[in-house]
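I opened the notebook to look up a few points in one structure. The entries follow the order in which I checked them.

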Amino acid sequence: MTLPAHARCVVIGCGIVGNSVAYHLTRLGWGDVVLLDKGPLPNPGGSTGHASNFIYLVDHSKEMTALTMDSVRQYQELGVFIQSGGIEVARTKERMQELTRRMASAGSWGIEGVSLLNPTQVKELVPYIDESMILGGFSTAGVGVVDSLRAGTLMREKGQAAGALHVAPKTEVTGIDVEHERVRRVRTTDGDIEAETVVITCGVWSPRVARMAGARIPLTPAVHQMIDIGPVPRFRGAKSDIEHPIVRDMDTNMYERQAGGDLEIGSYAHRPILYDPEDLPPVEQAALSPTEFPFTQADFEEQMQHALELMPEIVGDESVGVKYAINGILSLTPDGMPVLGESPDVKGLWSAAAVWVKEGPGTGKALAEWMVHGESEIDLHSSDIARFHEHQKTRAHVRARAAEGFNKTYGIVHPSEQWASNRNIRLAPFHARERELGAVFFEAAGWERPQWYESNAPLLEEFGDRITRRTSEWESRWWSPLINAEHLAMRERAGLFDLSAFTVFDIVGPGALASVQCAALRQMDVPAGRVVYTPVLSPNGGFKSDLTIMRLGDEHFRVVTGGAAGMADKKWFRDQMVGGAELADMTSSMTTIGLWGPRARDILADTTSDDVSNEGFKFGSCRTIEVGTQRVLASRISYVGDLGWELYVPIEQGLKLWDTLWEAGRPHGLAACGIGVYGTTGRLEKCYRAHGNELETEYNVVEAGMTAPRVKEEDFIGKAAHLRHREEEPAAIMCTLTVDDHRSKSGEKRYMLGREPILTRDRKRIVDRLGRGSYVTSAGAGPSVGKHILMAYLTPEHAVVGNRLLVEYMGERYPVTVAVAGATPLFDPENTRIRA
Amino acid sequence: MRIAVCIKRVPITGGRILLTDDARAINTQHLGFTMSPHEECGVEEAARLIEANRGDSVVLTLGPPEAVEQLRDAMALGVDRAIHLQTDGQEWDAEATASALLEAISADEAANGPFDLIFFGNESADSGGFQVGIRVAYSLGRPCVTGLKKVTLEGSSVRCEQEVEGGRDVYVVPLPAVLTVKEGLNLPRYPSVPGKMRARSKPVAVTTPTRPAPRLELVRLAVPAGQGRRAESLGIGATAAPAVVEVLRQAGVL
């Protein structure tokens, strides 16, 4: 069969993801879609072909859970899903606690049919388990096994039946032509195809194919070991692929599942074994398939012991033999999430890579929606290919983080857990000063940011009982009471903040205003010298981002956003730019110091002869002032809800500015404050929302309580949807809650960390009319209000101040009260401080 | 009874075989390793005989340090211990291999008594010299029967069935004897997990024989024509029927 000369879209790779993307594109109305693979069908030889094909539903990541749940739904519709149930078993007390967290995540994401089991109950469901090895289990009824190859075939056939899809197996891509930074043509062994868009769904080969277009897909092929033993006497005569629950032996990083008459044993416990895409053999040279590497027995010795301990009846049976053993190759990324979306390197070149079978169809659907409609139903910001900063795409970084993350596949990962590898990539100019102050550094976008400063220990004594101490190890991990002490010092005097991790980019030129107007909800045609905090909406009126934009001149805007979302935001703005506008990334040219607190003006005034009075420098304005011998762009805005400024200088002058402010601040009791204050305590007291927490594409401006009195005349992305939302009754309302009683059954006080389900007093989930459940979007201390603060979207009936609800945490329920419905701050509700 | 089995570490093939640039070796970059399939049957036969008759079984190999993996595999199937004649990875010709094995076998026999049976694969899966077993038997002065598809112990002799065109030749030879066997002799068992775990702690005696100057020189290898053909799936279930019909039609049988 000859290839079409032209295609609306060429999808490269016939694994579960490629088939799904291709099918959903045709379902959404695209014709002329071509699906290629260098291998034969139905199993071209990628990771889909050797996957263990089981699906666990509950993940702490909302995004991943949503993709998985949607995939299960699709597999079920295709008739290739066998529900078996699954049990995650615990061998340790720490794991039992983790299983209560999984219960909570199930509650937050609306997964039913979950329960905690004692060893006897596990034994009833899995009669071949040695229950003396375990303390209990977390059971998910909806777990099951799929036929992913069959699913791919069915989806492909649907696209073909609609006449919209051309499938070409055994067709290898030899090049991708890019002209003017846009993809133009796919070259193959069977001829060239002019293509408007190209999707790389090549699994472990994706980086290699992307490189043909000069683009990068940061993932690494890695080994997952798997053996198949049989025939298992107990499974003799099995009528289907699986009749017993799949067991995940979490503490040993292993799983055991029935596979017909056999038992499959898989492991994520061995040393990380990473390859480069170039190491994969061509299809015709592979003994089994290009992604089934020879088994390395030495890496599996301990795992045999673990499997034997847990299932001695089967694994210890001398008549049961190891029939098949492979080092299966799968994809790992530096942060454990997939790589989805349009490449920031090449327009029209899309990636759907590092996707596993369990989330394959859901990902395919979401990506197709994104391509066709400009956004997907499921918010994919954690998977966005545009999220990576430059250093995060290097081979060394990808390998270091993938290696570190591999053994966390079934790990107990604290929500604030820090990476250990490849640190100290981006250092603030005052990094040495921070070290001298005993900073404990957390990483953000590769920047080392002080989370708190050990040198602030004397503040603990000063503030005494006003600082809550935590006794539970889990909540004390990656946390310090010094955060709360710094917070109080800032509220009473002033705090100095390292904000170097901001992503900063300028949009300049005659088209600058039109460009930022298009992206920003708020009016950007303001006088120069104004700084505007604005949501950035998706086409459906959800939150793509939120950030601040300074107007520095008629044709000069400076966009300031967080490090985590910075690169994706930059791509978003660049994509909206009109003719005559140019974007310049200033992130590595500028550094930012925050100075806030009631004494901030006094401190700044001591360093400048410029007018920094309230009348002379109003809230929401920005301008260049002289601080000592430096020219500093000062922006009077605050994310901690106090008087003060963000101060921008060229990065090489950052140290000087720090020293100047530090010296001036000492008589005023200035404290160095970490991001624990900036990102959590200061923000939560003010009920300020954060992207990725409260602000996602799944929620809109009205629901977030951020509706402005008027909508600007000018057009902007998401305007029609936003106008509609303003007319509707919101399905949910962002609320701030406080915890009434922290005591657990054991008497120890416990503090929620976020993502826990909010329940009614009679322990029922709260679900809005759009099917979205209530969960804690952010949690943290409010030292000035003396409360532990939770944020959550609640249905209008529950979004009533004084309403009493429950939060589920670590298997227990704690009483909470709605303190604020909407955006009114808990602390300083009149905002007198920031306007002081 | 006492049984020795000699095995060789060889690449697992399946896909198209590639040669190194100088054509003097197989490119094993993408290949795993195994013992030759004939030898796997020898190991299985030894394990069965020892299970039935008790005694001591030893697996020997001449090969690189990594060949210990194949020794462990043999022990996972039931062989009691291993002797590893370690090389630096260079190829040894059949004569040198046989002489090194002979030395090791003789030393073991001097310490523990003669082997009733010594199994070899009929030929190795990679170099296919067809010689090592025969050379060892000759040096030991013991009877040797080759190409065996069936082995039956009959008191102090062994009945050997050799596949020949159109039938089988049957030999009965007295013990001790050397037998070279072929795939199909038996159906080797899969190793059990406990078997694999026991193999970890079974003894492996390591010696490092000196490689004599080779009398046979490998000039170059060539991949035979026809290599690299692959089976192709025409589909699954009923959907494959039209493609199958087409193939049969092309073959002229429909």
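**Entry 1, domains.** I noted at the start that this is a predicted model. I looked up the domain assignment of chain A, which gives domain 1 as 6–195 + 220–332 and domain 2 as 503–586 + 698–728. I then took the centres of domain 1 and domain 2 of chain A over C-alpha atoms and found that 40 Å separate them.

I turned to α15 (residues 512–519) and α16 (residues 563–576) of chain A, which pack at an angle of about 120° with their axes 8 Å apart. I recorded the crossing of α15(A) past α16(A) as right-handed. Which residues make the contact? From α15(A) I listed S515(A), C518(A) and A519(A), and from α16(A) I listed W572(A), F573(A) and Q576(A). By class, I have four nonpolar and two polar residues in this contact of α15(A) with α16(A), and no charged ones.

I looked up the contact between the chains, which takes 24 residues from chain A and 25 residues from chain B. On the side of chain A that touches chain B, the elements giving two or more residues are α7 (301–310) and β18 (321–332) of chain A. Which element gives the most to that side? I found α7(A), with five residues. Sorted by class, the side of chain A that touches chain B has 14 nonpolar, five polar and five charged residues.

Methods. Residues numbered from 1 in each chain as written. Chains lettered and ligands numbered in written order. Predicted model: local features only at pLDDT ≥ 70, side-chain atom pairs only at ≥ 80, totals over all residues. Contact = placed C-beta atoms within 7 Å. Helix = DSSP H or I, 4+ residues; strand = E, 2+ residues; numbered from the N terminus. Nonpolar A, V, L, I, M, F, W, Y, C, P; charged D, E, K, R; others polar. Axes fitted to C-alpha atoms, helices over the stretch in contact; angles between N-to-C directions. Left-handed = near helix turned anticlockwise from the far one by under 90°. Domains from an automatic or database assignment.
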